[in-house]
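Please open the structure in a viewer and keep the sequence panel at hand.

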Amino acid sequence: MAEEKELKNLVIQGAVYKTTFTKRFENRVKYVTPDPNELYSFIPGTIIDIFIKTKQKVKEGETLLLLEAMKMENQVRMPFDGEIVKIHVKKGEVIPNRHLMIEIKPTK
Amino acid sequence: MSLRSNVLDLRKRKKEVQKGGGDKAIEKQVKMGKLTARERILALLDKNSFHEYDLFVEHAAKDFGMEGKTLHGDGVIIGTGTIYDKPVCIFAQDFTVAGGSLGLMHARKITKIMDHALKMRVPLIGINDSGGARIQEGVNSLAGYGEIFFRNTLASGVIPQISVILGPCAGGAVYSPALTDFVFVVENISKMFITGPSVVKSVLGEEVSMEELGGAKVHAEVTGNAHFYAETEMECFDQIKTLISFIPRSNLKKALAHKPKAPLKGVKVEDIVPADPRIPYDMRDVLKSITDGSEFFEVMERFAPNIIVGFGRMNGETVGFVANQPMVLAGVLDIDSSDKAARFIRYCDAFNIPIVTMEDLPGYLPGVDQEHAGVIRHGAKILYAYSEATVPKITVIVRKAYGGGYIAMNSRHLRADFVFAWPTAEIAVMGPEGAANIVFRKEIAEAENPEEMRQQKIEEYKEKFANPYVAAAQGYIDEVIEPSETRSRILHALQVSENKSASMPAKKHGIPPF
C-alpha cells in the first residue's frame, strides 16, 4: 500500500509525517494579507458605471463605481480620503468575484 | 357487464398508465443511459414484492394549456415492497412524464408514501429524476417541495431515509436529499445543483459543464453531499441493498444480526501497523483484520478520506466504525473530516448502532484556510456528536492520540465506555518533537550544539510521555492490550454493553454547532 503511492511530507507540530495529500489540500489557496489600497469585487457582476478618473482626489464614502450583481446595483465607495491610482475595469465589463477593480492610495 | 370484463378493463387501464410518458419518452430515457422509474423499482426491490399506490392519480394543473394534458401518475411512482424480505416505502420520479416535474399531485403522492413510512416505521427510499418544479403549477409546486422537506425533517432519526439521484435534481429539489441520511449517486447520470450551468454562465460569466458543476464525482469527492458513488445504476442498487442489510428499520429496532463469522485468516493486525508513528499504513486493513469475514462497508469513501467511517459486523451485530486514516493527510482532523465523522456518529446514535473508534492522529490540520473556513465550529461537531451519543462507545488507541484530537476521538472524558490502547499508543498534549521545542526551549537555545540537544530532549520526552502508561495510570485508559487481542476485547466490550443504559438531561434538543 504505502509503497504504491508517492508519499509526501506533512509537518505537524515539528514532526514530519509520511502521508498522501487530498486534491483539496493541494489546491488550497495560499493566504495573502489584503492590501487596503486595492479594491476587489466582492461578488461577480457587471460594471454599469464608473464615476472617477485616474489621479482624481476622492473623499471617504464617495461612490467610485456601480457593480450590478444579482439584479442589485452595488455602490463601491472610497474607504478613506485618497487618490485614484489606476482603474482596472471598463464600463459594461463582466467581472468575476475577487477581481481587482481599482487601485487607490491615501492622501498624506 | 360481467365481473370478468371489469377486471379486463382494470388491466387495460393499468397497462396504459404504467407506460408512463409513452414509448417515445422511454426511448429518450434509455438513450440517456438511464433505466425507467418502474425498472429501477423492480431492480431494487425483492422479486414480485412491489405494490403500487396512486397509479391513477392525475395532475391538477389548470393553466397554460395543461388542463387538456394527461400526465400518467403525475410523473411519480409510489408504493411499498421488500428488500431482503423486510418492508420499505419507495417513490421514484418518472422522467418520461413531463420530465418528472413536480406539481401538486406529484408532491402529494410523495408525501403520502412518506407519511406511510413514518407511521409504519419502515425505511423510505426516494429515487430522484426530475427537471424540477412544474412551472405551470406555480406556487403549488413550491408548496409541494416544502411539504416534502418538512416530512424529511420529521422522519429524520426515526426511520432511515435514503435518496438515490438518478437524473437531474436541481434547484430547491436538492434539499430533500440533503435532509436525508444517505445519498447515492451514479457516474454520468446524477446531476445536483442549486443553479445550473446556464445561470452560472449568464450571471457570473463562468463556463462549466453540468458534470463539473454537480456530477456524481463532484458530490462524492468535493462537496460531501453524496455518501455512495457507483459506476452504474445496478451497482448503485447493490450498494443500497448492502446498506439496508446493515441498518435497523427504525430507531426503535436494532439492526438484524447475521451469522457470526471470524475475520479472514492471514490478516494479521500486528503486521499492518508500523511502530514509527510517522510512517503511514491503510487503517482499513486494520478494520478488516477485526471485523466478521473481514468485511467493511465504507460510507463517504471519497470525501475527506483522512477519516474513515462505515459499517462492519462483530459477532454478527452491526457496528459503526470511525477511524483516522494515517495514509491521507496523516489522519488529521480538519473541517471536512470532523463534519463527516460527526454526522456518522449521530446516525449510529439515532439508530442504536454501537460505535467503535480506532485512533491514530497527530491533531488538527494547521492552516489559514482551515482557521478562516471555521475549523473551530466545524471541529466542535465531532466533540458534540461523541458527547451526546449514548450507544455503546468503544475506543482503541492504535498509535498517536495528541492534543485536541485525543479528546475529540471518543476519549474517556466524553464518556467512552471502554478505552483500550496498544503498547504503541502515544497519549500526550502533542508529539515529542513539538513538545521538546517548547518545554526545553531554553536548554536547546543555550546548548553548544542546539540540534544535538534538541534530539536528546525529544528522546527524553518520548521516553517519559510517548506511551500509554501515563494515561493508564490516571485510569483514562482501561487496559493496554496487545494488538492481536483487539477483536476479542471489542467483542467482550460489546457484550458487556448490550444492555447499556445512559441518557442525556431532559431537553427539547441541543444546539449543535451546525
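Select helix H20 (residues 486-496) of chain B together with what covers its buried residues: this cover includes helix H11 (283-290), strand E11 (307-314), strand E12 (317-324), strand E13 (355-361), strand E14 (393-402) and strand E15 (418-421) of chain B. Helices (H or I, at least four residues) and strands (E, at least two) are DSSP runs, numbered from the N terminus. The model is a predicted one, in which local features need pLDDT of at least 70 and side-chain atom pairs count only at pLDDT 80 or more, while totals for chains, interfaces and linings use all residues. Residues are numbered from 1 along each chain as its sequence is written, and chains are lettered from A and ligands numbered from 1 in the order in which they are written.

Within H20(B), now highlight B:Thr486, B:Ile490, B:Ala493 and B:Leu494, which are buried. These residues lie on the same side of H20(B) because they cover an arc of only 100° around the axis, the arc being that of the directions from the helix axis to the C-beta atoms. On the face turned away from that buried side, select B:Ser488 and B:Gln495, which are exposed. A residue is buried if 20 or more other C-beta atoms lie within 10 Å of its own, exposed if 12 or fewer, and partly exposed in between, with C-beta atoms placed from the backbone.

Next, select B:Met120, in helix H4 (residues 104-120) of chain B. Is this residue buried, exposed or partly exposed? B:Met120 counts as partly exposed because it has 13 C-beta neighbours inside 10 Å. A distance drawn from its C-alpha atom to that of B:Pro87, 33 residues apart along the chain, gives 9.5 Å.

Colour domain 1 (12-246), domain 2 (269-428 + 467-498) and domain 3 (432-465) separately; the bounds come from an automatic or database domain assignment. The centres of domain 1 and domain 3 of chain B, taken over C-alpha atoms, are 61 Å apart. Chain B has 20 helices and 17 strands, and its C-alpha atoms fill a box of roughly 105 × 55 × 45 Å along the principal axes. Of its 514 residues, 49% are buried.

Turn to the boundary between the chains, where 27 residues of chain B are in contact with 22 residues of chain A. Two residues are in contact if their C-beta atoms, placed from the backbone, lie within 7 Å. On the chain B side, select helix H7 (197-204), helix H13 (368-372) and helix H16 (432-439), each of which supplies at least two residues. The largest share, three residues, comes from H16(B).

Finally, move to chain A and select strand E1 (residues 8-12) and strand E2 (residues 15-19), which pair in the antiparallel sense over five bridges. Two strands pair if DSSP finds at least two bridges between them. E1(A) and E2(A) form a hairpin with two residues between them, and A:Gln13 in the turn has a positive phi of about 50°. A:Ile12 has A:Ala15 as its bridge partner in E2(A).

Strand E8 (residues 82-87) and strand E10 (residues 100-106) of chain A are joined by five bridges; among the bridge partners are A:Gly82 and A:Pro106.
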